[in-house]
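Please look over the sequence and the structure below before reading on. The report that follows starts from a single residue and then widens to the whole protein.

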Amino acid sequence: MEGNNSYAYGSSWADQWDTSDPAAPTTVANKKKTSGGGATAKYKQKVGDGLEKTKSAASTGMKKVKQGTSTGIQWIKDKYHKTTHKN
């Protein structure tokens, strides 16, 4: 069983699967792919705009819920008051 274990050969999992080659030449195309600062900034702006819209919609929704709850509670108070205090 020891012969099937990769550790028995003196190499670890990381050594076997590490594909990075520090001696590999760096090309201009590789540098362009890794920089990507312009695209990241564009997406961050879009996400920020989307979050601002979401925040606004949530705020408006909560105001409506608060108003509806307040109106409902007042209606219940009025009904209770009418049934307990007959003139």
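Thr 69 has its place in helix 3, which covers residues 37-84; helices here are DSSP runs of H or I with at least four residues, strands are runs of E with at least two, and both are numbered from the N terminus. With a relative accessible area of 43%, Thr 69 is partly exposed, a class that lies between buried (under 20%) and exposed (over 50%), as judged with a 1.4 Å probe on protein chains only. A polar atom of the Thr 69 side chain lies 2.8 Å from the backbone oxygen of Val 65.

## The model and its confidence

This is a predicted model, in which local features need pLDDT of at least 70 and side-chain atom pairs count only at pLDDT 80 or more, whereas totals for chains, interfaces and linings use all residues. Residues are numbered from 1 along each chain as its sequence is written, and side-chain values use heavy atoms, with hydrogens and water left out.

The protein has a mean pLDDT (the predictor's confidence in each residue, from 0 to 100) of 75, and 55% of its residues reach 70 or more. Among its elements, helix 3 has the highest mean pLDDT, 90, while helix 2 (residues 28-35) has the lowest, 51. Where pLDDT is low, the predicted coordinates should not be read in detail.

## The protein as a whole

The secondary structure comes to 3 helices and 0 strands, so that, read from the N terminus on, the order of elements is α-α-α. Of the 87 residues in the protein, buried ones make up 0%.

Terms used:
Polar contact = N/O pair within 3.5 Å; in protein donor to acceptor, adjacent residues only side chain to side chain.
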